[in-house]
Amino acid sequence: MPRTLTLGQARRIAVAAQLLDRSTPRPPLPTMAHLQRTIDRLGVLQIDSVNVLARAHLLPLQARLGNYDPALLDRAMRGTPARPRRLVEYWAHEASYVSPNTYQALRWRMDSPRMRRLDDRLWAEHPETMTVVLDIVGSDGPLTAAQVHERLGHRSGPKVHWGWNWTIAKEALEAHFARGRVMASRRTSQFERAYDLPERVLPPAVLAAPVPDRPTAVRTLVEIAARAHGIGTARCLADYFRVPVADAQRAIAELVADGVLEEVSVRGWERSLVLHREARVPRRTRGRALLAPFDPLVFERRRLLELFGMHYRIGIYTPAAERTHGYYVLPFLLGDRLVSRVDLKADRERGTLLVRTAFAEPEAPGETVEELVAELREMAGWLGLDRVLPDSDLRGDLAGAVGRALAAA
């Protein structure tokens, strides 16, 4: 019979696996070694252009390391001839930073129908542009789409809707990126990709290694997801790298047979579950973190509901009149529970972290407001903001208490 765990044990396993347990104090000045350990465990940092607080890939590291220097991450992404880059970009969960080895494990995706669709159309309709764009990147990269446009004499027309208004050259670059012919060497300060050839981006040792076949690659991705989650369902593990569930189930069966994963049951979480062999089962966790909307702990919404009891929506994709908790909503982790959620905005001109909403979850403990305000102050310090203030129309059932606590602080 599978081992049976309580829901509380499962939550603590998840918090510890995600390196959110603060039972051991955070390093006062995180180093590249601390950053690397965190990257290795999470396996993926999702990218998003929304910058209302900070870029999406920066926030999960702050939740785990505290007052780290984002320049460390920039170094990890850029690399040097002496120290090859530790992170590269591709479609993983969504657009994400992953290790170079994980990039190789995602190569099977480059030949998927989704990635081929745009590529096939452009080769059929604009073969000359597809060829010339690749030649330009090969001779002059890394280059942004704007720089490639400049060399081709292309100009973007006016935007006609909120989304991307790409030229053919930009579409060509993205098609080449999707198929692995070019990579993102870096992101500019405007968050544009700078494209270059894989042999100038990937470390030599990675380029020299054989590319895994799809079953081997999927098994690698599922194991990374299982280690990062600690415990989860096939759907949880498949979602981490957006692997088809059927493929994930086959990989899980192999990993169980090899002793890497263990089948377990959790009272109150009535689905088939597996536990990674490295997962700790702490008797207590001292988690305290504001979790960004794209944090790996909150990737899979059904998992979040079943494990932590939180029905979560970000708000940025919802019309303003229909938002229940705000625009950029962060769940607040305390211990092994998600006890509240807040909508935050960095007002950089005023040097202020604004709290726009504050809501308690059912059965939030009495110390929720005190701990939340302390974490808000830590967040503000990391962002380089001088103070934390309630917005003029702060709302939510914790609004009054948070407002008073901020005033007192």
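**Close-up views of a predicted model**

**View 1. Buried residues of helix α1.**
G8, A10, R11, R12, I13, A14, V15, A16 and A17 are the buried residues of α1. Buried means under 20% relative accessible area, exposed means over 50%, and partly exposed lies in between (1.4 Å probe, protein chains only). The model is predicted, so local features need pLDDT of at least 70 and side-chain atom pairs count only at pLDDT 80 or more, while totals for chains, interfaces and linings use all residues. Residues are numbered from 1 along each chain as its sequence is written, and side-chain values use heavy atoms, with hydrogens and water left out. Helix α1 covers residues 7–17, and because 9 of its 11 residues are buried, it is largely enclosed by the rest of the structure. Helices (H or I, at least four residues) and strands (E, at least two) are DSSP runs, numbered from the N terminus.

**View 2. L19, after helix α1.**
L19 follows α1 and has a positive phi. The value is near 60°, in a residue other than glycine. Most residues other than glycine have a negative phi, and most peptide bonds are trans. L19 belongs to the loop that runs between α1 and α2 (32–42). With a relative accessibility of 14%, L19 is counted as buried.

**View 3. Helix α1 against helix α11.**
The axes of α1 and α11 cross at roughly 110° and come within 6 Å. Axes are lines fitted to C-alpha atoms, for helices over the stretch in contact, and angles run from 0 to 180 degrees between N-to-C directions. The two helices, α1 and α11, are therefore roughly perpendicular. Angles of 65 to 115 degrees count as roughly perpendicular, under 35 as roughly parallel, over 145 as roughly antiparallel and the rest as oblique. On the α1 side I13, A14 and A17 take part, and they meet R227, A228 and H229 of α11. This contact of α1 with α11 has 4 nonpolar, 1 polar and 1 charged residues. Contact means heavy atoms within 4.5 Å. Ala, Val, Leu, Ile, Met, Phe, Trp, Tyr, Cys and Pro count as nonpolar, Asp, Glu, Lys and Arg as charged, and the others, Gly among them, as polar.

**View 4. Helix α11 against helix α13.**
Helix α13 (residues 245–257) and α11 have axes that come within 9 Å and cross at roughly 75°. The pair α11 and α13 is therefore roughly perpendicular. From α11 the contact takes R214, V218, R219, V222 and E223, and from α13 it takes D247, A248, A251, I252, E254 and L255. By class, the residues of the contact of α11 with α13 are 6 nonpolar, no polar and 5 charged.

**View 5. E223 in helix α11.**
E223 is placed in α11, which covers residues 214–229. Its relative accessible area is 18%, so E223 is buried. Not counting residues up to four places away in sequence, E223 touches L255, V260 and H276.

**View 6. Helix α7 across helix α8.**
Helix α7 (residues 127–140) and helix α8 (residues 145–152) have axes that cross at roughly 110° and come within 11 Å. Helices α7 and α8 are therefore roughly perpendicular to each other. The crossing of α7 past α8 is right-handed; a crossing is right-handed if the near helix is turned clockwise from the far one by less than a right angle, and left-handed if anticlockwise. V132, V133, I136, V137 and D140 are the α7 residues that meet V148, R151 and L152 of α8. The contact of α7 with α8 includes 6 nonpolar, no polar and 2 charged residues.

**View 7. The cis peptide bond at P142.**
G141 and P142 are joined by a cis peptide bond, with omega near 5°. P142 sits in the loop between α7 and β5 (143–144).

E363 is a residue other than glycine with a positive phi, near 65°. The loop that holds E363 lies between β14 (352–360) and α15. E363 has a relative accessible area of 75% and is therefore exposed.

**View 8. E378 in helix α15.**
Helix α15 (residues 368–383) contains E378. At a relative accessible area of 31%, E378 is partly exposed. E378 is in contact with R22, R26, Q62 and R288, leaving aside neighbours within four places in sequence. L334 is 44 residues from E378 along the chain, and 15 Å separate their C-alpha atoms.

**View 9. The two domains.**
The protein is divided into domain 1 (112–202) and domain 2 (313–408), with bounds from an automatic or database domain assignment. The centres of domain 1 and domain 2, taken over C-alpha atoms, are separated by 39 Å.
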